[in-house]
Amino acid sequence: MGQDRTLARGARVTGAAVLAVLALLSLGWIIRDFAEAKHVTDVWGLWTGLPARADGGWAGSYLEPALLVLYTVSAVTAARSSSAAGILASAGVLTLVLRLPSLWQLNAEWIRSVDETRDLAFTSVLVALALALVLLVVAGVGRRPVGGPPQPGAVPYGAPGYAPGAFPGQVPPGFAGAVPPPGGPLPGGAGPHGGAPLEAPGRPTAAGALAGGLALGVTAAVLAAWELHTWMTAGWDGYIPTLAEDHGAVSLLSVPPHWFNWAVVLISLVGALATVTKATYARPLGMSVAAMYLAGGVFGLSGALQGDLGALETSGWLALASLALQTTTGVLLLVVLSRQEAGDDGQFVPELVVEMDAPVPGAAPVPGPGPAGAAPASPAGPAPGFGPPPPGPGFGPPPAVPPMPPGPPAP
């Protein structure tokens with residue numbers, strides 16, 4: 001297994017700033033729709049799919065509040081989380097998937113004549129797509145190793161075989177003849193420019209991996225089954241034209257339903273595989289998909305429950321059950337993926353090591369017993385340097401290494 005990598009602190013701050021800008025874009029469209037609505041409740045009608053009117057037409061959809069929450073939580077979390085790379089990548093992928101259809105949909109003939117709001121919406125889409133690419137780049141190039149593997153011949157501090165002061169002239173690898181103070185950073189776990197070590201990304205728990213992977217897989221299968229049913233019912237000629245374009249859109253930034261469902265299906269399958277294998281990006285990806293499931297499920301159920309349930313046929317009840325499944329899946333994913341595996345506490349504790357067989361170039365040779373009959377190079381006792389202070393008078397633990405008896409005098 002390769003060494004874990006996490007996002008450097010500067011990259012985390014950059015990603016959090018980009019997410020904050022994306023959140024402001026969604027917030028701006030929400031405020032605009034509230035300003036144009038005849039009644040405040042009309043915006044809720046827009047989000048739930050009920051008939052609603054606005055003076056200047058609608059701009060956003062039910063995905064705007066979902067994206068606002070996702071971007072805000074991701075920005076706050078990514079600034080300090082060891083899973084920041086997965087958070088930025090997940091947000092970037094979702095932004096690309098949800099904003100990409102607007103590139104051609106806003107240029108369609110049936111929507112070009114709306115008003116100047118169309119030009120503003122198109123500009124915001126270009127900005128969002130550019131920021132999504134920035135998130136993916138930062139998540140890819142801003143990663144750094146969490147900590148290096150133990151060096152050959154290194155003995156952890158306090159482990160059997162470690163002798164304080166028994167190897168003068170030798171220091172932990174990576175330090176040019178200078179022993180770091182106790183508690184100081186070690187090169188194996190330090191950040192890219194020194195300082196505190198970078199922590200490892202958290203992985204899902206065993207129960208979370210099983211429950212999350214199962215929930216993602218089952219819900220993706222149900223959505224795919226609905227899409228295949230629609231495909232077979234409408235036929236190829238009736239389904240394909242609506243896959244990437246929504247001719248019945250009531251808002252400028254609405255996402256074609258079939259495009260959205262297939263995108264969520266694909267991302268869910270990737271998330272299910274990542275969760276079952278306990279990948280480092282499984283938790284942020286799964287919780288990002290959970291936001292989409294909650295948005296579709298909650299707003300969809302709210303709109304359906306305001307209709308005449310008694311007039312529903314079997315397919316209508318199955319659609320309600322699917323919305324309930326999406327809502328349940330969203331809640332379940334947030335619960336089971338919010339916890340990380342035991343031991344992944346977000347902190348990396350470096351081990352104190354002493355290199356036993358690689359003296360620092362230019363250091364004095366290590367004194368020690370020579371051939372039989374040779375005199376020791378120095379009096380017995382611990383050499384000054386790295387190690388605990390000599391014990392004082394009174395009770396205390398015995399020395400880690402017994403003093404070496406002096407040899408016979410040199411001839």
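**Helix 4 and its contacts**

Author: Val93, Leu94, Val97 and Leu98 in helix 4 meet Trp259, Phe260, Ala263 and Ile267 in helix 10, contact meaning heavy atoms within 4.5 Å. By class, that contact of helix 4 with helix 10 has 8 nonpolar, no polar and no charged residues (Ala, Val, Leu, Ile, Met, Phe, Trp, Tyr, Cys and Pro count as nonpolar, Asp, Glu, Lys and Arg as charged, and the others, Gly among them, as polar).

Bear in mind that this is a predicted model, where local features need pLDDT of at least 70 and side-chain atom pairs pLDDT 80 or more, while totals for chains, interfaces and linings use all residues. Residues are numbered from 1 along each chain as its sequence is written, and side-chain values use heavy atoms, leaving out hydrogens and water.

Now the geometry: helix 4 (residues 84-99) and helix 10 (residues 257-276) pack at about 155°, axes 10 Å apart. So helix 4 runs roughly antiparallel to helix 10 (angles over 145 degrees count that way).

As for charge, Arg99 and Glu64 meet through their side chains in a salt bridge, 3.0 Å from N to O (a side-chain nitrogen of Lys or Arg within 4 Å of a carboxyl oxygen of Asp or Glu). This pair links distant parts of the chain, with Arg99 in helix 4 and Glu64 in helix 3 (residues 63-78), 35 residues apart. Arg99 is buried at 9% relative accessible area (buried means under 20%, with a 1.4 Å probe and protein chains only), and Glu64 counts as buried too, at 1%.

How values were computed. Axes fitted to C-alpha atoms, helices over the stretch in contact; angles between N-to-C directions. Helix = DSSP H or I, 4+ residues; strand = E, 2+ residues; numbered from the N terminus. Parallel < 35°, antiparallel > 145°, perpendicular 65-115°, else oblique. Buried < 20%, exposed > 50% of the residue type's maximum accessible area, 1.4 Å probe, protein only.
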